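Let's take a friendly walk through a protein model, one feature at a time. Have the sequence and the 3D view ready.

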Amino acid sequence: MNKKYILSFLLLFLVIASYAQELANFAGQKPIISPEIKEKEVIFRISNPYADTVKLYGSWMEKPSQSILMKKDKLGLWSVSIPKPKSELYTYHFIVDGLAVTDATNILMQRDGTRYLSVLLIPGDLAANYFEANQRGNLSQVWYDSPTIGVNRRMFVYTPFGYESSKEKYPVLYLLHGAGGDEDAWSTMGRTRQIMDNLIEKGLAKPMLVVMPNGNPGQQAAKTSMLPEKAFDRNDPKFADLYVNSIVKDIVPYIETNYKVIANPKSRAIAGLSMGAGHTIRVSNLNPGFFSYICPLSNGIRIADEKAKADYNLQFQNLKKAGYKLYFLACGDSDFLIEPARLLDKTLTENGLKHTFFVNSGGHTWSNWRIYLNTFAPQLFK
C-alpha cells in the first residue's frame with residue numbers, strides 16, 4: 001500500500017480514536033442540573049473551565065452588588081448554593097468574567113424587550129397560579145388590520161378552556177404592557193395564561209378572553225418578528241393618542257367581530273401596567289362609558305398646572321356621568337411612580353369617583369403586576 005495512504009489512514013484513525021475518547025468522557029459525566037431546587041436550598045451550576053470568576057445575580061437580591069461568587073471544581077464546573085427564596089417567580093443570570101450570561105441548562109426563559117433572562121420558579125402559595133392548571137386555555141398570535149395606525153399588526157389573544165366548543169359569549173379584558181415591552185410581555189413575564197387558567201378553574205374568575213396588544217404604534221409586532229418599524233413623534237399632537245385611539249377603533253371592533261364575545265361596555269375591561277396604565281387612564285377618559293372596568297397599575301397622573309387640573313377634573317366628571325363598575329388602581333409603596341398613583345387616587349376622590357387603591361410592598365416589578373392580575377381579575381364582570 002502506498003505510504004501516503006497509510007499515513008492518511010493512521011491520521012484518520014487517530015482523529016476517530018480521539019473523538020471516541022471525547023464521547024466516552026462526555027458520557028461519563030453527570031448531566032448538569034441548574035437550578036436544582038431542594039427542600040431548603042437552590043443550587044446553581046455553570047460549566048466554564050476557562051473563566052477566572054463567575055458570579056450569580058438574581059431578582060431576589062436587592063442590588064447587583066449583592067451578586068454571589070461561585071466556586072469552581074477540578075472539572076471547571078462552577079456552583080453555588082443559596083437558601084431557597086420564598087414562593088415567587090424570579091429571574092437570574094450568571095456574570096462570567098464581567099459578562100452577563102443566561103443559564104444554558106435551564107429551559108425556563110423570559111424575554112424582557114431585548115433581554116433574555118433565566119427563570120427560577122419556586123412553588124408555594126404565592127406562585128400557585130403561575131404553574132399549569134389542569135384545564136388550559138389557548139394563547140394565539142393574531143394579525144389584524146389597524147387603519148388608525150396604517151399597518152397590519154399583531155396581538156396575543158387568550159381564550160379560556162372550553163371556548164372553542166362553547167356556544168356561550170364571553171367578556172373581554174384588554175391588557176396593556178409597559179414601556180420596553182410588546183404584545184408578548186404579559187403572557188411571558190406576566191404568566192397571564194397560567195394565572196387566568198388557574199383562577200377560572202378554581203371558580204375565582206369568570207371565563208373571559210384576554211387581549212394583549214402591542215402598545216408601540218411604530219411596531220407591527222415585537223422586535224423578534226424582524227419587521228420594519230416606524231418612528232412617531234409623541235410630541236406631535238396628531239400622534240399623541242394614536243395607539244389609544246386604535247384600541248377603540250381597530251382592536252375592540254376586530255375582537256367583537258371575530259370572536260364569541262359580548263359586545264357591550266358591561267363586558268369590557270381594560271388594564272395596563274406603567275406605560276399601559278397611562279394608556280388605560282387616557283383611553284377610558286377619552287371614551288367614557290366604553291369600558292366598565294378600569295384598572296391602571298403602577299402609574300397615575302401628573303398635573304403640571306391649573307389647566308391640566310381642570311382638564312382632568314372634567315374628564316373624570318364625564319367618566320362618572322357615563323358610569324363604570326370598577327376602578328382599580330394599584331401600586332407598590334416603593335415604586336418610583338407611587339406619587340403619580342397617589343395623585344390619581346386623590347383626584348378620583350375629589351371628583352367623587354368610587355375606586356379601590358391597592359397599595360402593597362415592592363416596586364416597579366413583574367412580581368407586583370402578577371399579584372395585581374391575580375387580585376383584580378376575580379373582580380371583573382361580576
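## Before we start

A residue is called buried when its relative accessible area is under 20%, exposed when it is over 50%, and partly exposed in between, using a 1.4 Å probe and protein chains only. Helices (H or I, at least four residues) and strands (E, at least two) are DSSP runs, numbered from the N terminus.

This is a predicted model, where local features need pLDDT of at least 70, side-chain atom pairs count only at pLDDT 80 or more, and totals for chains, interfaces and linings use all residues. Residues are numbered from 1 along each chain as its sequence is written, and side-chain values use heavy atoms, leaving out hydrogens and water.

Most residues other than glycine have a negative phi, and most peptide bonds are trans. Asp97 is not a glycine, yet its phi is positive, about 50 degrees. You will find Asp97 in the loop between β7 (88–96) and β8 (99–101). Its relative accessibility is 41%, so Asp97 counts as partly exposed.

Now look at Ser298, in the loop between β16 and α7. Ser298 also has a positive phi, near 60 degrees. With 0% relative accessibility, Ser298 counts as buried. For a cis peptide bond, go to the step from Ser34 to Pro35, where omega is near -5 degrees. Pro35 sits in the loop between α1 (3–28) and β1 (36–37).

## A closer look at α8

Helix α8 covers residues 338–350, which makes 13 residues.

Which residues of α8 are buried? They are Ile338, Pro340, Ala341, Leu344, Thr347 and Leu348. These buried residues pack against α6 (275–286), β16 (293–297), α7 (306–322), β17 (326–332) and β18 (356–360), where contact means heavy atoms within 4.5 Å. After α8 comes Gly352, with a positive phi near 75 degrees.

## Two helices side by side

Helix α3 (residues 192–201) packs with helix α9 (residues 366–376) at an angle of about 30 degrees, their axes 10 Å apart. Axes are lines fitted to C-alpha atoms, for helices over the stretch in contact, and angles run from 0 to 180 degrees between N-to-C directions. The contact involves Thr192, Ile195, Met196 and Leu199 of α3, together with Arg370, Leu373 and Asn374 of α9.

Conventions. The expected span of a helix is 1.5 Å times one less than its number of residues.
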